[in-house]
Amino acid sequence: KHPMLKLVLILASCAVSAAFTVTGVVPSLRPAAHAMSTRTAVRNPLALNMVTGDAGKEKLKEFLNEAKKLGKVRLISQNDAAVMEAIATLDGLFYATGGPKMLEYANVIDPKINLDLHLALDGVGGARFEQGVSRTPTKDPTYIVRMTGVDPEKVVLSIFLQWDKAPSDVSKERVDAWSGMKDKYGEKVTF
């Protein structure tokens, strides 16, 4: 009935099979962050994107695993009506697939502090490193990683280096870990 549609579906199926055969990885249908953030038409943002999809997800996992070195952090997530904060480490970070859509999540669960964080990997498009100023009288620097969504302007999770003993007291080792990540990934990183 629709010969052109059949041809397109057959060609798409062949492309996916070829990509899997060559790379051993199934291409992702995740929107490409660079296509969503540019004003010029790069390509359809929902098109197959094997680099941003699976390679981006592996880069994100590497990034999150490296963030364990940040030590004690303040995790902040907000929407239009609420802000949730927790102080924790990322030491217990693990990955699992689940939920109704069978998505892969980065998880940090710590029953001692009632923390149950699940970050959908497909919902994270990038991160940026920022330095701020604390609200303390000494106005010490703050060190922040902003995890962004597919829209690079939308922050989905903020990770602040939490002070060690007193406000604004962050150890040199933890600041060096933050700086090392910034040097390695750049001020802004796309996954």
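**Entry 1: the model**

I am working with a predicted model. I keep that in mind throughout.

**Entry 2: the open sheet**

I began with the strands. I found an open sheet of 6 strands, in the order β2-β1-β8-β7-β6-β9. The pairing is antiparallel. Which strands form the edges? They are β2 (83–88) and β9 (188–190), and each of them pairs on one side only. I also looked up the angle between neighbours. On average, neighbouring strands of this sheet are turned by 20° against each other, direction ignored.

Next I looked at one end of the order. β1 and β2 run antiparallel and are joined by 6 bridges. I picked out Leu75 and looked for its partner in β2. The bridge partner there is Ala86.

**Entry 3: salt bridges**

I searched the whole structure and got 10 salt bridges. Side chains of opposite charge can pair when their charged atoms come close.

I took Lys57 and Asp122 to start. Their closest N and O atoms are 3.4 Å apart. Where do the two partners sit in the chain? Lys57 is in helix α3 (residues 51–66), while Asp122 is in the loop between β5 (115–120) and β6. The pair links distant parts of the chain, 65 residues apart. I then checked accessibility. Lys57 has 15% relative accessibility, so it counts as buried, the limit being under 20%. Asp122 has 26%, so it counts as partly exposed.

Glu130 came next. Its side chain meets that of Arg128 in a salt bridge, at 2.7 Å from N to O. The side chain of Glu130 also meets that of Arg146, here at 2.9 Å. Why does the pair of Glu130 and Arg146 tie separate parts together? Glu130 lies in strand β6 and Arg146 in strand β7, so the pair connects parts that are 16 residues apart in sequence. Is Arg146 buried or exposed? Arg146 is buried, with a relative accessible area of 18%. Glu130 is partly exposed, at 23%.

**Entry 4: the largest pocket**

I turned to the open spaces. The largest pocket has a volume of about 440 Å³. It is lined by 18 residues, and the closest to its centre are Arg74, Ser134, Arg135, Thr142 and Phe160. Which elements supply at least two lining residues each? I listed β1 (73–78), β6 (126–133), β7 (141–148) and β8 (155–161). The largest share, 3 residues, comes from β7. I sorted the lining by class: 9 residues are nonpolar, 6 polar and 3 charged.

**Entry 5: the cavity**

The structure holds 1 cavity of 30 Å³ or more. The largest cavity has a volume of about 80 Å³. I found Leu64, Leu75, Leu90 and Leu93 among its lining residues. Others in the lining include Asn107, Val108 and Ile159. Leu75 is the residue I had paired with Ala86 of β2.

Which elements give two or more residues to this lining? They are β4 (103–110), β5 and β8. The largest share is that of β4, with 3 residues. By class, the lining of the largest cavity has 10 nonpolar residues, 1 polar and no charged ones.

Terms used:
Residues are numbered from 1 along each chain as its sequence is written. This is a predicted model: local features need pLDDT of at least 70, side-chain atom pairs count only at pLDDT 80 or more; totals for chains, interfaces and linings use all residues. Side-chain values use heavy atoms; hydrogens and water are left out. On a 1 Å grid over the protein atoms alone, a cavity is a set of points where a 1.4 Å probe fits but cannot get out, and a pocket is an open set with protein on both sides within 12 Å along at least five of seven lines; lining residues have an atom within 4 Å of a point. Grid points are joined across faces, edges and corners, and a volume is the space filled by probe spheres set on the points. Helices (H or I, at least four residues) and strands (E, at least two) are DSSP runs, numbered from the N terminus. Ala, Val, Leu, Ile, Met, Phe, Trp, Tyr, Cys and Pro count as nonpolar, Asp, Glu, Lys and Arg as charged, and the others, Gly among them, as polar. A salt bridge is a side-chain nitrogen of Lys or Arg within 4 Å of a carboxyl oxygen of Asp or Glu. Buried means under 20% relative accessible area, exposed over 50%, partly exposed in between (1.4 Å probe, protein chains only). Two strands pair if DSSP finds at least two bridges between them. Axes are lines fitted to C-alpha atoms, for helices over the stretch in contact, and angles run from 0 to 180 degrees between N-to-C directions.
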